[in-house]
Amino acid sequence: MENFKQDSRNKEEEANDLSKMEQNVELIDRKAPLWVFGYGSLCWNPGFDYQQSVTGYVKGFSRRFWQGNTTHRGTESKPGRVATLVEDNEGITWGKAFLVAADNNAALPYLSTRECQLGGYRTYTVNFHPRPSFLPSTSNGNKDALLYIAVPENKHWLGAAPLPEIAKQILECHGHSGSNVEYLLRLADFMREEIPEALDDHLFSLERLVRKFAADMKVCLRTVMGEASVPVKAEEKPEAKAVVPKNQFASRIPDKKLRCVNM
């Protein structure tokens with residue numbers, strides 16, 4: 001009984017800590033630029049205009065694929081799994097922060113729709129630590145930044161599960177923005193290429209499992225990620241036109257990063 005009481009107090013303290021961090025985007029002072037920290041798809045597909053971007057980390061959190069998604073990377077009947085942050089006193093989560101200009105009135109409403117209304121996340125303020133190599137001589141170092149966290153109370157929450165189970169779910173799911181596999185592999189590629197010193201056993205273990213399952217099932221990951229194309233005869237090619245993508249949350253990543261495991 002004593003252990004139960006202690007666990008309850010710990011959960012209440014964690015909830016209170018997050019409550020103190022939570023921000024109402026509509027009340028944020030836009031007289032000055034602000035930083036937005038991304039640790040999931042924002043790292044490789046921010047989708048909004050920004051003045052500057054730097055890689056770095058936040059303390060006290062670990063990244064976990066515990067949030068369900070029924071729009072971008074899954075459906076109501078088959079939700080995908082995307083990243084959120086869970087409190088961890090010893091945790092460090094690496095990602096990328098974006099500096100949004102004071103007169104940029106489009107970025108926060110866009111993020112509110114993408115992350116909160118459709119994704120089930122809430123907005124918080126956290127201390128962001130840029131990598132030393134990104135700090136100019138005039139910089140003060142650490143910055144306050146907005147970030148989006150999904151908490152267990154939201155309706156899309158899936159929570160913890162065995163890693164093989166999560167990996168299989170990711171391999172099977174697809175939403176309006178593309179496959180759940182793309183979300184995972186693009187994030188793993190970002191971490192490897194831009195922050196090679198970063199450690200994230202959860203992320204890279206899931207990546208290894210997804211690649212293994214895809215190879216065992218003879219599934220081409222390039223096809224799953226929606227990048228395979230069907231040749232078109234010259235006479236059938238339509239006239240080139242400027243087209244605005246229907247899905248503003250879809251990725252725009254060069255083909256050179258794609259790979260097929262079914263060789």
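A strand here is a DSSP run of E with at least two residues, numbered from the N terminus. The model in these exercises is predicted.

**Exercise 1. Move on to His-176.**

Task: Say where His-176 lies, and decide whether it is buried or exposed.

Solution. 
- Step 1. Find the element. His-176 sits in the loop that runs between strand 6 and strand 7 (178–179).
- Step 2. Apply the cut-off. Exposed means over 50% relative accessible area. His-176 reaches 68% relative accessibility, so it counts as exposed.
- Step 3. Look across the chain. His-72 is 104 residues from His-176 in sequence, and their C-alpha atoms are separated by 5.1 Å.

**Exercise 2. Read the overall layout.**

Task: How many helices and strands does the protein chain have, and what pattern do they follow along the sequence?

Solution. 
- Step 1. Count the elements. There are six helices and seven strands in the protein chain.
- Step 2. Read them in sequence order. The pattern is α-β-β-β-α-β-β-α-β-β-α-α-α.
- Step 3. Of the 263 residues in the protein chain, 49% are buried.
- Step 4. Take contacts between residues at least 6 apart in sequence: 79% of them join residues at least 24 apart.

**Exercise 3. Pack helix 3 against helix 4.**

Task: Describe helix 4, then give the angle and axis distance at which helix 3 and helix 4 pack.

Solution. 
- Step 1. Size up helix 4. Residues 180–194 form it, 15 residues in total. Its first and last C-alpha atoms are 21 Å apart, close to the 21 Å expected at 1.5 Å a residue.
- Step 2. Check its cover. Helix 4 is mostly covered, with 12 of its 15 residues buried. Among them are Tyr-183, Leu-187, Phe-190 and Met-191.
- Step 3. Turn to helix 3 (residues 163–172). Its buried residues include Ile-166, Ala-167 and Ile-170. The buried residues of helix 3 pack against several elements, including strand 2 (52–69), helix 4 and helix 5 (201–216).
- Step 4. Two packed helices are described by the angle between their axes and the distance between the axes.
- Step 5. Helix 3 and helix 4 pack at about 115 degrees, and their axes are 6 Å apart.
- Step 6. Name the contact. Helix 3 supplies Gln-169, Ile-170 and Leu-171, while helix 4 supplies Asn-180, Val-181 and Leu-184.
- Step 7. Sort by class. The contact of helix 3 with helix 4 has four nonpolar residues, two polar and no charged.

**Exercise 4. Explore helix 2 and strand 5.**

Task: Which elements do the buried residues of helix 2 pack against?

Solution. 
- Step 1. Pick out buried residues. In helix 2 (residues 107–117) they include Ala-107, Leu-108, Tyr-110 and Leu-111.
- Step 2. Name the partners. These buried residues pack against strand 1 (34–38), strand 3 and strand 5 (143–149).
- Step 3. Zoom in on strand 5. Ile-149 is placed there. Its relative accessibility is 1%, so Ile-149 counts as buried.
- Step 4. Thr-123 is 26 residues from Ile-149 along the chain, with 6.6 Å between their C-alpha atoms.

**Exercise 5. Examine Lys-218.**

Task: What is the phi of Lys-218, and where is Lys-218 found?

Solution. 
- Step 1. Recall the background. Most residues other than glycine have a negative phi.
- Step 2. Compare. Lys-218 is not a glycine, but has a positive phi of about 55 degrees.
- Step 3. Locate it. Lys-218 is in the loop between helix 5 and helix 6.
- Step 4. Check exposure. Lys-218 has 64% relative accessibility, so it counts as exposed.

**Exercise 6. Judge the confidence.**

Task: Where does pLDDT stay under 50?

Solution. 
- Step 1. Start with the average. The protein chain averages a pLDDT of 81, and 71% of the residues score at least 70.
- Step 2. Take residues 1–9. Their pLDDT stays under 50, and the model has one contact for them beyond four places in sequence.
- Step 3. Take residues 229–263. Their pLDDT also stays under 50. For residues 229–263 the model has 43 contacts beyond four places in sequence.

Definitions and conventions
Residues are numbered from 1 along each chain as its sequence is written. This is a predicted model: local features need pLDDT of at least 70, side-chain atom pairs count only at pLDDT 80 or more; totals for chains, interfaces and linings use all residues. Side-chain values use heavy atoms; hydrogens and water are left out. Helices (H or I, at least four residues) and strands (E, at least two) are DSSP runs, numbered from the N terminus. The expected span of a helix is 1.5 Å times one less than its number of residues. Buried means under 20% relative accessible area, exposed over 50%, partly exposed in between (1.4 Å probe, protein chains only). Contact means heavy atoms within 4.5 Å. pLDDT is the predictor's confidence in each residue, from 0 to 100. Axes are lines fitted to C-alpha atoms, for helices over the stretch in contact, and angles run from 0 to 180 degrees between N-to-C directions. Ala, Val, Leu, Ile, Met, Phe, Trp, Tyr, Cys and Pro count as nonpolar, Asp, Glu, Lys and Arg as charged, and the others, Gly among them, as polar.
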